[in-house]
Amino acid sequence: MSFQEFVKSRRVVICCGSGGVGKTTVSAAIAVRAATEGRKTLVLTIDPARRLADSLGLAELGNKASRVALGPGAKGELWGMMLDVKRTFDDLVDRIAPNAETRDRILRNHYYQQVVGALAGSEEYSAMEKLYEIAGNTDYELIVLDTPPTKHALDFLDAPRRMIEFLDGKVVQWFVKPYLLAGKMGFRFAQKGAEIIFKVLEKGTGYQTLADLSEFFLAFDGLYDGFKARAGAVQRLIADPETVFVVVTTPRHPAVDEAAYFRDRLVEKRLPIGAVVFNRVHEPLWTGDPDAALAAVESALGEIPAEYAPLVDALADLSADLDRVAAAEGEVMSGFLARIPEIDLVARIPALAVDVHDVAGLAVVGQHLA
């Protein structure tokens, strides 16, 4: 499958990989390439670093999409966005709250910031919610998601499940909901065990603290089903045939080992891997036999002056070193690909002489992807 076919056949592309492998650059390059070829594309990052904004030539990215200027001849549009966790969750509360009064009680509650983190299953759940919102309510033809390094990206994958498990958990279903409702009626409990627990909490935290927490959970009482339904919808989006994962790595250990682990987790979850991108791949200085190439150069130049002999020797040593590096990386890549015969697309991006920091550089990376 060609890169063009790969991009055209998908709606959501999720780029994953360990830190330092150039995943943000690859994500932006995929988006630039797709937009250049005619698709209205959004690239979204949940990494708090500014790398994506910098590479797209933007002063800043926020929770609203910003238009990115492409070069002449571009057939589509490119937009960029960086997740604002609190704003995303506020918007979710606004959408699923049964009325404005409930919404305002939650958003104004003193413990909203602390409790909402546990309830959301960390910022990764908010990222999944934002992805779901964008996919369902916008006209972007392609959404490219740049995830945090692998460890956190696994949290990203598990966030919808953790959300459902939390809301189905005993803490919420057995303890919080019924007994906080009882607490609102003067802390008269049907079970003495709950009364003892609340007395301990009240002694350690104070009545007002407990009352604030009660108010918070009571306000959320009507939202549990909405959160569960939303989390399930997010899980279905991840597994949708139009969603695909791209594993980004370098052809070296331990980055490729993390990529292998991540690939195994995706297979375990029955999530589709569409492509593997090897970034910063070294290539031999000469094509073919380096000794024959050097002999051809000497023949073309004639007799090389003695003072240039050290330079020629250094060039030969450099060529041999690059050959060894390229051969070692080739073995690493071959070993990794032997484990994943199901991959449709494998791209190799060479180690570039300069850092990629603008749209023109991303276009160069996109050409290597294609």
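The largest pocket is lined by 25 residues, and G22, T25, N279, R280 and V356 lie nearest its centre. This is a predicted model, in which local features need pLDDT of at least 70, side-chain atom pairs count only at pLDDT 80 or more, and totals for chains, interfaces and linings use all residues. Residues are numbered from 1 along each chain as its sequence is written, and side-chain values use heavy atoms, with hydrogens and water left out.

**Pocket and cavity**

Rolling a probe the size of a water molecule over the atoms shows where empty space is left. The search runs on a 1 Å grid over the protein atoms alone. A cavity is a set of points where a 1.4 Å probe fits but cannot get out. A pocket is an open set with protein on both sides within 12 Å along at least five of seven lines. Lining residues have an atom within 4 Å of a point. Grid points are joined across faces, edges and corners, and a volume is the space filled by probe spheres set on the points.

A search of the whole structure finds one cavity of 30 Å³ or more. Its lining consists of F3, F6, I30, V246, A275, V277, L345, A347 and L369. Two or more of these residues come from each of α1 (3–8), β7 and β8. The pocket lining draws at least two residues from each of α2 (23–36), α3 (51–55), β7 and β8 (345–350). Helix α2 gives the largest share, four residues.

The table sets out volume and lining class. Nonpolar means Ala, Val, Leu, Ile, Met, Phe, Trp, Tyr, Cys and Pro; charged means Asp, Glu, Lys and Arg; the others, Gly among them, are polar.

| Space | Volume | Lining by class |
|---|---|---|
| Largest pocket | about 490 Å³ | ten nonpolar, nine polar, six charged |
| Largest cavity | about 30 Å³ | nine nonpolar, no polar, no charged |

**Overall fold**

The protein has 16 helices and eight strands. Both are DSSP runs numbered from the N terminus: helices are H or I of at least four residues, strands E of at least two. Of the 370 residues, 47% are buried. Buried means under 20% relative accessible area, exposed over 50%, and partly exposed in between (1.4 Å probe, protein chains only). Contact means heavy atoms within 4.5 Å. Among contacts between residues at least 6 apart in sequence, 77% join residues at least 24 apart.

**Rings**

A pair of aromatic rings is described by the distance of the centres and the angle of the planes. Rings of Phe, Tyr and Trp (its six-membered ring) pair if their centres lie within 6.5 Å; planes under 30 degrees apart are stacked, over 60 edge-to-face, and the rest tilted. The count is one aromatic pair. F278 and F336 are edge-to-face, 6.0 Å centre to centre, with 85° between the planes. F278 lies in strand β7 (residues 273–281) and F336 in helix α15 (residues 309–338), so the pair links distant parts of the chain, 58 residues apart. F278 and F336 are both buried.

K40 has its charged end over the ring of Y140, 5.3 Å from the centre. The rule asks for NZ of Lys or CZ of Arg within 6 Å of the ring centre and within 35 degrees of the ring normal.

**Two buried sites**

L58 is in the loop between α3 and β3 (66–68). Its relative accessible area is 17%, so L58 is buried. L58 and V68 are ten residues apart in sequence and 7.4 Å apart in space, C-alpha to C-alpha.

T243 belongs to strand β6 (residues 243–249). T243 counts as buried because its relative accessibility is 1%. Leaving aside neighbours within four places in sequence, T243 contacts R10, V12, I14, L237, I238 and P272.
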